Amino acid sequence: MSLRARLLTGYGIFIAALVALAAWSAWRLHDMGKVSRRIISENYDSVLAAQEMKESLERQDSAALFILLGARERGLAQLREHRARFDQNFTTAAHNITEMGESAAIAAIQRDRDVYYERFDTFIANPTRNEYFTQLEPQFNQLRADCEHLLQLNQRAMRFKSEAAAGVAQLWFYRTLLIAVVLVVAGVVLAFWLAQRIVGPIRRLTESTVKIAGGDLNASVIVDSNDEVGILAAEYNRMAESLRQLRSSDMGKLLVAQQTTEAAIDSLYDPVIVTDGDGRVTKLNPAAEEIFGMHVGEVARDVRIAGAVAEALESQRPVAAEEMSSVLPLAVAGSERAFRLRTTPMRDNDHHLLGAVTLLEDITHLREIDRLKSEFIATASHELRTPLTSVQMGVYLLLERAVGQLTEKQVEVLSACRDDCDRLDQLMRDLLDVSRIEAGESKPRFESVRTRDLLDAATRELQPQVESKGLDFKVEAPSDLPVLRIDRSQVERVLANLVVNAIRYTKQGEIKISAQPRGNSVAVSVSDTGSGIPAEYLPHIFDKFVQVPGAATGGAGLGLAISRLIVEAHGGQISVQSEPSRGSTFTFTLPVWNGSLPPGAGASPSS
């Protein structure tokens, strides 16, 4: 018998048993439904009619009180309405006599109702308190008791029938359960029998599959049946032979190399994103899938990753963490972690560009250390402001001869102290600016600004400083650049920091500001022909307190750190390209105005 025939036979038996069980259950459910309908038809209508008669009787008694209190018209209207409702429900109850004693209860209600109506009519003619309490109210109580008796009689009958039905249902339940258990046991026996006939050959086939997956291509499967499993085993052995032939060929060696490469990428702890030459995502390793999921669109929508990939593909050179200040805060397993980008272009043996590999280096622990250092520095700077202000005030008072005349030597010493105090005051101001930006206390107040207006304003303010050093100052930007969404004062500070740094490291030549569109952003660059940045300083150029030797006058090393924080707060990224003795180029991106502001951002009037 073939495997299909065996399965069909087993399924047929099992389905037939299920049909029998379903028919038995439906039959018993039908009987239960008849019992429920009988309870409703025989007793529920009478219960409802008795309750309605009691309610109508209460309303007639209320009508008597209205008449007694002088609201005659209102009382008579209510009386007519509820007499009709009482009579209607009485008729319903009288036509639904199903229980022993119910006829006597109906007769009592009819008799006492007629007496109550007669006494009520007498009360209407002479509405006195004595007439109400001696004649009407006792008859009202008697009639209400008759209705209550009818109600309880039907309720007791419903409870009795319900208990009887529950007993029958329980009996049927146990019988149905017994049948179901028998069918389950029979199904288990049938399944075990089929498993022994089917799973045995499949188990042997699985064992051979595991061996081949582990690299043992000489493994084969032996199945002596002629059913579908036997046919599958024969085809499987043919496939194993084809794999052995493939492994011995060049294509097989290439496939093994590709699998080894993919396994190496998948085993990396840090997230890895592979893109093709057009910037489309082609592979995510498990660490990246944990962050972005299986949907590559989530990666493509991140402008920072897309920007790094685009820059690596355009320049065809690695864009590493030391060149790009692009720290990505991403949610991983319910907590936020910080990653640093490293993007490297891929080339074949002929140096043709194939795509790019982006590594997200987990620097969460470094960011935490940096945060602790920033908090300490901010606290220390804040505490030093007061004594420093006192020292500055004292030095200035002495220099202004507020406490007496000074000798020339004393003036020289105090002038040096004043300059040092000013530098220290500027350092603490920069430290406090860094701490406020990192803490989110100096959020950008976004406004729409024309790119050309921004560059022209920066040129007017910075040109005197550049030309005073004997350097040329150029601005190169198309006139049709898009409108930016920025905090103008903060971005002007970034431009000023970059130009001042260029002045420090450039003895002769030129400083140039340029801008060009890049996707949904505008890339602004500040380049110089100065001494450049040594390679060992590039990894930390945007860190705090980093000073590259060779400048004519040095600062505290906070300008580039502040610039990085401002650019990141705008949703952009900043990078540097530099070679010693050939100058440097700092590039940062700014978002294009789209008519809306991010949540929580301040708004200023458009320029």
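**Entry 1: Glu 510**

I began with Glu 510, which lies in strand S10, residues 510–518. The model I am reading is a predicted one. I looked up the accessibility of Glu 510 and found a relative accessible area of 23%, so this residue counts as partly exposed. I then listed the contacts of Glu 510, leaving aside neighbours within four places in sequence: Asp 472, Lys 474, Ser 527, Asp 528 and Thr 529.

**Entry 2: the whole protein**

I next recorded the overall figures. The protein has 607 residues, of which 38% count as buried. I counted 14 helices and 14 strands. The accessible surface comes to about 34000 Å², and carbon and sulfur atoms hold 56% of this area. Among contacts with a separation of 6 or more, I found that 66% join residues 24 or more positions apart.

I looked up Thr 275, which is in strand S1, residues 272–276. Its relative accessible area is 3%; since buried means under 20%, Thr 275 is buried. Not counting residues up to four places away in sequence, Thr 275 touches Arg 280, Val 281, Thr 282, Val 309, Met 346, Leu 354, Gly 355 and Ala 356.

Val 281 came up again when I turned to Ala 306: these two residues are 9.8 Å apart, C-alpha to C-alpha, and 25 residues apart in sequence. I placed Ala 306 in helix H9, residues 303–315. With 34% relative accessibility, Ala 306 is partly exposed.

I examined helix H13, residues 488–505, against helix H12, residues 451–468; their axes come within 10 Å and cross at roughly 35°. The crossing of H12 and H13 is right-handed. On the H12 side I listed Asp 453, Leu 454, Ala 457, Ala 458, Leu 462, Gln 465 and Val 466 as making the contact. The H13 side supplies Arg 488, Val 491, Glu 492, Leu 495, Ala 496, Val 499, Val 500 and Ile 503.

I then took H13 with helix H14, residues 559–569, and found axes that come within 9 Å and cross at roughly 150°. I recorded the crossing of H13 and H14 as left-handed. Here H13 contributes Gln 490, Arg 493, Val 494, Asn 497, Leu 498 and Asn 501. From H14 the contact takes in Gly 559, Leu 560, Ile 562, Ser 563, Ile 566 and Val 567.

**Entry 3: H14**

I checked how far H14 is covered, and eight of its 11 residues are buried. I listed these as Leu 560, Ala 561, Ile 562, Ser 563, Arg 564, Leu 565, Ile 566 and Val 567. Just after H14, I noted that Gly 571 takes a positive phi of about 85°.

**Entry 4: a nonpolar patch**

Phe 173, Tyr 174, Leu 177, Val 181, Val 185 and Val 189 make a nonpolar patch of about 580 Å². I looked up Val 189 within this group and found it in helix H4, residues 129–213. Its relative accessible area is 54%, so Val 189 is exposed.

Terms used:
Residues numbered from 1 in each chain as written. Predicted model: local features only at pLDDT ≥ 70, side-chain atom pairs only at ≥ 80, totals over all residues. Heavy atoms only, no water. Patch = residues over 30% accessible without salt bridge, like charges linked within 9 Å, V, L, I, M, F, W, Y side chains within 5 Å. Areas by Shrake-Rupley, 256 points an atom, 1.4 Å probe, with all protein chains shown as cover. Salt bridge = Lys/Arg side-chain N within 4 Å of Asp/Glu carboxyl O. Helix = DSSP H or I, 4+ residues; strand = E, 2+ residues; numbered from the N terminus. Buried < 20%, exposed > 50% of the residue type's maximum accessible area, 1.4 Å probe, protein only. Axes fitted to C-alpha atoms, helices over the stretch in contact; angles between N-to-C directions. Left-handed = near helix turned anticlockwise from the far one by under 90°. Contact = heavy atoms within 4.5 Å.
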